[in-house]
Amino acid sequence: MRPCGVFDKSYGLDIAIIRTWQHWAILISALILLFLFPLFGSYYIISFMNYLAISVIVGLGLQIVSGYCGQISFGQAAFMAIGAYTSAVLTIKFGFSFWIALPLSGIMAGLVGIIGGAPSLRIKGMYLAMATIAIHFVVIWLILHMEITGSFKGLFPPPPSLGGFEFDTDERMFYIIMTVMVIMTYAARNLVRSKVGRAFVAIRDNDLAGEVMGVNIYHYKSLAFFVSCFYAGIAGSLWGHLITVVNAEQFTLMHALEYIGMLIIGGMGSIPGVFFGVLFIRILNELVMFTSPLLAKAVPWLGSSPAAALGLVAFGLALIIFLIFEPRGLAHRWEIFKASYRLYPFAY
Amino acid sequence: MGKRSAIFLSIALAVCLSVAGLSSSSFAKEVVYLSLADYTGPIAGLNVPGDMGLEDIIKETNAKGGVDGVKIKFIGIDTRYDVARAVSAYKRYRRTPRLLVVNSISTGIGKAVARLIERDKRLQIVPGDGEFQAHIQRTFIWGPAYQDAFAATLDWIMDDWKAKGNSGTPVVGYLSWDNPYGREHLRGGKEYAAKLGIKFLPPEFFPPGTLKHDVYLTRLAKAGANYIHAGGVDPTPTNVIRDAYALGLTKNIQMTCDYWGPTALGIGVHAKALEGTVITSFYQRGDESKNNPFVANLWKKYRGSAKFNEVYGMGMSWGMTYVAGLKVALKAVGYDKLTPDDMYKAYQKLAGFDKHGIQGACAYSPTSRRGSLEVKIYRVKGGKSVPITGWRKAPDAVSLHKF
């Protein structure tokens, strides 16, 4: 986002993400503010931000496979479950440290993701969506019926620790979660600008044309699923160690739908879109949580309970409104804003 | 000032005034009750009327000046039967000043939140998870454990089998949700069946939200079931029995349910299909609940002519227990020193607390986490739940299982 009259004067500047010293200043200040937040922020907000950041990591993964590579996936919640359970099993049953279990859980989810994404080599669109839903149910069924995953009772992973220091509160976990989120955002941002990212986009826009141009469809589709599920696995591991309980019921198809909804609202094929979508849906949920009791007070015969149905209604309405009026999501609005700022004070 | 600035300032002012208005409406002396309830998911049929009863008790208590001047604030969160949402919500509310009790309305949520409750030295109440009786913690259950109530059903099955002039023991089938709730009954219930010599068929499980149950029912029927216990929270058991009726199974097989079996709502819709169904309940059902003067008065006062649901009474009993516990805790330490730990200690002193006939007397003590010990057996007759026994103590099936 640059003001009018600021131009790229070198190739290096042209390909840079951060282009001006003002950008650097804003970025560094924002990161300092973020990491100092637990010192002055309320517990409620810190806890909420942890939840947001984990959702962002899952959303980034989904954005890569669906938004960039065009492969629709309803399996994201299941892959998150694989990450959460892998981390829990490794730390509880094999005594691994969280720091080793974290990447391994991502890799495990990624490897299963390659298997899960295999149908994408033969089928597309709605059929692929159905195949990923099937994968979701298979994964959850296996988790519920295997002894190593604690069956229906679940597992209780310990909070991470480092040299005797336990990350056993939301404030402490905040640092781990935010660091991972920042790294994964940086990685995703760069991945989609690379040769790999361009191959993903080629597959999304026209896979046949892409193949003719030399894009190895098999390789890149598998890679997209691996990366996407790796993200979900990492998020699952963080989630498990944050709440210290992993249960199959935490990873339902509804969660997978919610992540898809986040991408639609935030904007497909955009990294900032993930942030917009996650913020929008999660804040909407919070608002509903607060406003429904007020609604119940205003309309006493409703009681507090039916008013709470507002959450689902609001989610559905938001999706419909965006699909009709802004199918390119909030990210597109952001792009329009950036473009006008670039021209300001000129009209064109 | 430009037009945009004026609009922005007006909005900001309105938000500030609303926030100020909200905060000024909070009471000086206040304690909090957090309900992690499913208002829109598969167990909404239980949670919605339950929390209505609870809220009305709180309203009534606050209208009378609170408990020794301390008002109760109710916070209801719609978890949508989603463990992740519930745990995340609890984490955000866990530092709310004087949050004394958390009601986690789902076996899965209760199990997940229990660890955090232990860490926070707080008190949790959950539906009927026998694990919390087996391993005494800070989590209390609403009535007898699921396995206890299931054992009481098995006792009734044995009596019924003999009363019909049969010899030997019956064959019993079980089908329920494929989740922690669905399996909890069997952790002790299965051992109790073995103790009675009952032939217990391999249990059938299905995901919450399943629309048709023909496959499971047919399998149990083919295996020779004389009795089938249908689990799940209403409307699930109603739907299961509706399917059994459509398959013609209810002619020869007696259907039974636990305390989340068909309520007046389900019975009203499928009276014919549910005829003869047996429900084991720890709280009053049907007209018995509707005509309980204590329940009827509160319903009339706050709900007027709305359609009554018997789970309302059970929700009232959560509220009554909370008020009773708060009285004990305030008497012990006073408001200023009141902590969730004091409420935990207070709950353990509530044994014998009378719940106006809605359910048996409270059984909470240092060694008991059961909200009450008794169950009553009801049968659906002519579109209504009619009691066919008085209150009877449910067997202790929890102790039979190695948790």
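Predicted model: local features only at pLDDT ≥ 70, side-chain atom pairs only at ≥ 80, totals over all residues.
Residues are numbered from 1 along each chain as its sequence is written, and chains are lettered from A and ligands numbered from 1 in the order in which they are written.

**Overall build of chain A**

- Chain A has 14 helices and two strands, taken as DSSP runs numbered from the N terminus (helices: H or I, at least four residues; strands: E, at least two).
- The C-alpha trace of chain A spans about 60 × 55 × 50 Å along its principal axes.
- Among contacts in chain A between residues at least 6 apart in sequence, 75% join residues at least 24 apart; a contact needs C-beta atoms, placed from the backbone, within 7 Å.

**The nonpolar core**

- The largest nonpolar core has 211 residues, being a set of buried Ala, Val, Leu, Ile, Met, Phe, Trp, Tyr and Cys residues joined through C-beta atoms within 7 Å.
- Helix H9 (residues 217–243) of chain A gives the most to this core, with 16 residues.
- Ile57(A), Met80(A) and Leu36(B) are among the residues with the most contacts inside the core.
- Leaving aside neighbours within four places in sequence, Met80(A) touches Val58(A), Ala232(A), Ala235(A), Gly236(A), Trp239(A) and Phe251(A).

**Where the chains meet**

- The contact takes 30 residues from chain A and 26 residues from chain B.
- On the side of chain B that touches chain A, H3(B) gives the most, with six residues.
- By class, that side of chain B has nine nonpolar, six polar and eleven charged residues (charged: Asp, Glu, Lys and Arg; nonpolar: Ala, Val, Leu, Ile, Met, Phe, Trp, Tyr, Cys and Pro; polar: the others, Gly among them).

**A look at Tyr43(A)**

- Tyr43(A) sits in helix H3 (residues 43–68) of chain A, and counts as partly exposed because it has 17 C-beta neighbours inside 10 Å.
- Beyond its neighbours within four places in sequence, Tyr43(A) is in contact with Asp170(A) and Arg95(B).

Terms used:
Contact = placed C-beta atoms within 7 Å. Buried ≥ 20, exposed ≤ 12 C-beta atoms within 10 Å, placed from the backbone.
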